[in-house]
Amino acid sequence: MKKDGEWKVLIMDHPSTRIVSSCFKMSDLLAEGITIIEDINKRREPLPSLEAIYLLSPTETSVHALINDFKGSPTFLYKAAHVFFTDTCPEDLFKELGKSRIIKAIKTLKEINVAFLPYESQVYSLDNPQSFHNLFSPYCREDKNSQLERMAEQIATLCDTLKEYPSIRYRNGAEDCCLLAHAVLAKLNAFKADNPTMGEGPDKSRSQLLIVDRSYDVVSPLLHELTFQAMAYDLLNIQQDTYRYESTGISDAREKVVLLDEDDDLWVQLRHMHIADVSKKVTELLRTFCESKRLTTDKANIKDLSQILKKMPQYQKELHKYSTHLHLAEDCMNNFKGTVEKLCAAEQDLATGTDVDGEKVKNPMKNIVPIVLDPSVSAFDKIRIILLCVFLQNGISEENLMKLIQHANIQQERDVLYNMHCLGAPIMPEDSGQMKPVRKVRLESTYQLSRWTPILKDVMEDAIEDKLDKKLWPYVSCPAPGPSSQAAVSARFGHWHKTKTAAEHRIGPRLIIYVLGGVTMSEMRCAYEVTEATDGKWEVLIGSSHILTPKQFLEDVRNLTEQTPLKS
């Protein structure tokens, strides 16, 4: 596309802007000859001397806006159009394009099949938080099928991007999982017909796509997690992956704004560590860094980074990184001490059903009374603990639930508790239709306040070891192993938003997990842990319509009985 000295305009709609933003910085686009970035839905100045690249989702609004750009006479808005759709363009819109004047200006027309956001190297998002309401609300039954159809299209583009044609399994008993699994299979078969080499390569026949819904584990989204990333997003006000904090000493700027993403290698190293180890690790890494630059340090000036910075102004960027994560860890700990610490102990007992000594929790109600009565505990934190108590007992009587709501003084938020039944969770004893999954016994030592393991980790491990029960996790497709195609190997790419040489592309099998209704950060961490435990033989990818924090999960559940949900 890029010729030396030739600049182009990039025009996008909202979904494609989100995709590009998750993969590129502005400097990357400039390097590719993009001089201006425009929103297709806004009025724009004509630039008849420049060619335009359109990256659009194939929706009626975007396609009509594209046609309108080339309606004018005597000249069009741009010299020529290179059109890329994020996924399959519907037949009727394609015909409209063919009948319009734009055909005189189109130089490129392609469907690139990237209708998802790469959130992290092993995490993807379909960028549709609204789907939670459409799937679980009693008011949205008729919207459900079109929602599942759209998700299937997006998941299929993910598999196509990864060059995977996986066997597809779903959690039995969950109707939506079954419908989605069949819809994904239909879309994948259409892609496979266009590209017969899809899913070929050594061991690729073992790749699996597993579809599960949020009701399979309603405990993980409620717990206070104490690993760095999950804890920070739960306790601090981190919006759009941006952490803001007041800095002292290092420079004049009072407020620092930092993006927590994979361009920060320190964040990647720390994000899944337990908070008890984070500050220790940062200090250790900082000391190693200073020693490698032949700078003597002691405890005092490790704490006061401004002293080091005066001696090493050329390392400002690196030192700011250490400073950020020391601040972030300290912020987490300040929010943890006191109330949250007390909550964690009770939450772990209720989630696991046993106390720290492995004794069965005999009277869960007794455990939560002090928390429920404590006016310093927030309404949402009380709801989290009440729900864990209710789930442990497979539902409680309406009378007892009413008493808890009254004593906790959370009448205004009572909908969160009652709406949990929309996810199939047992609130009243008569609700408990779902069998609880049998849990693995884990012998590795853990911190006392982090004894719970997300249920999906058991599922990931069993899937990789081929131990998943075929009745509980039936296949909708189990492709026969195809011949290994060496030619296909060089086209693989694993971490989709990293530029890799052909030799680095992933050739082993993948386990791709899709969670209907949001994925938690503790489940994201499990994908990395299970991958690491296989010594790189497998790669686990996990994703959903959106990434959940406990607060967003509770807000989403509360809004289920609103006919049109409030924007969380």
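These legends accompany several close-up views of a predicted model.

The model is predicted, and local features need pLDDT of at least 70, while side-chain atom pairs count only at pLDDT 80 or more and totals for chains, interfaces and linings use all residues. Residues are numbered from 1 along each chain as its sequence is written, and side-chain values use heavy atoms, with hydrogens and water left out.

**View 1. The whole protein, before we zoom in.**
The protein has 22 helices and 16 strands; these are DSSP runs numbered from the N terminus, with H or I over at least four residues for helices and E over at least two for strands. Of its 568 residues, 53% count as buried (under 20% relative accessible area; exposed is over 50% and partly exposed lies in between, with a 1.4 Å probe and protein chains only). Contacts here are heavy atoms within 4.5 Å. Among those between residues at least 6 apart in sequence, 77% join residues at least 24 apart. The protein exposes about 27100 Å², and carbon and sulfur atoms supply 52% of that; accessible areas come from the Shrake-Rupley method with a 1.4 Å probe, and for residues only the protein chains shown count as cover.

**View 2. A mixed sheet of seven strands.**
Follow the open sheet in the order β6-β7-β15-β13-β9-β8-β12. Two strands pair if DSSP finds at least two bridges between them. The edges are β6 (117–120) and β12 (475–477), each pairing on one side only. On average, neighbouring strands of this sheet are turned by 25° against each other, direction ignored; axes are lines fitted to C-alpha atoms, for helices over the stretch in contact, and angles run from 0 to 180 degrees between N-to-C directions. Within the sheet, β13 (residues 510–516) and β15 (residues 539–544) are parallel and share six bridges. Look for Tyr514, whose bridge partner in β15 is Gly543.

**View 3. A parallel sheet of five strands.**
Here the open sheet has the order β2-β1-β3-β4-β5. Its edge strands are β2 (34–39) and β5 (106–111), and each pairs on one side only. Neighbouring strands are turned by 20° against each other on average, direction ignored. Five bridges join β1 (residues 8–12) to β2 in parallel, and Lys8 stands opposite Ile34 in β2.

**View 4. A nonpolar surface patch.**
Trp7, Met26, Leu30 and Ile37 make up the patch, with about 360 Å² of accessible area together. Patches are made of residues with over 30% relative accessible area and no salt bridge, joining like charges within 9 Å and nonpolar side chains (Val, Leu, Ile, Met, Phe, Trp, Tyr) within 5 Å. Met26 belongs to helix α2 (residues 26–31) and counts as partly exposed because its relative accessibility is 42%.

**View 5. The salt bridge between Asp127 and Arg18.**
The structure holds 36 salt bridges, each a side-chain nitrogen of Lys or Arg within 4 Å of a carboxyl oxygen of Asp or Glu. In this one, N and O are 2.8 Å apart. The pair links distant parts of the chain, 109 residues apart: Asp127 lies in the loop between β7 (123–125) and α5 (131–136), Arg18 in helix α1 (residues 14–23).

**View 6. A network of salt bridges.**
Arg439, Lys440, Arg442, Asp458, Glu461 and Asp462 are linked here. One of the pairs is Asp458 with Arg442, at 2.7 Å from N to O. Asp458 is buried at 5% relative accessible area, whereas Arg442 is partly exposed at 23%.
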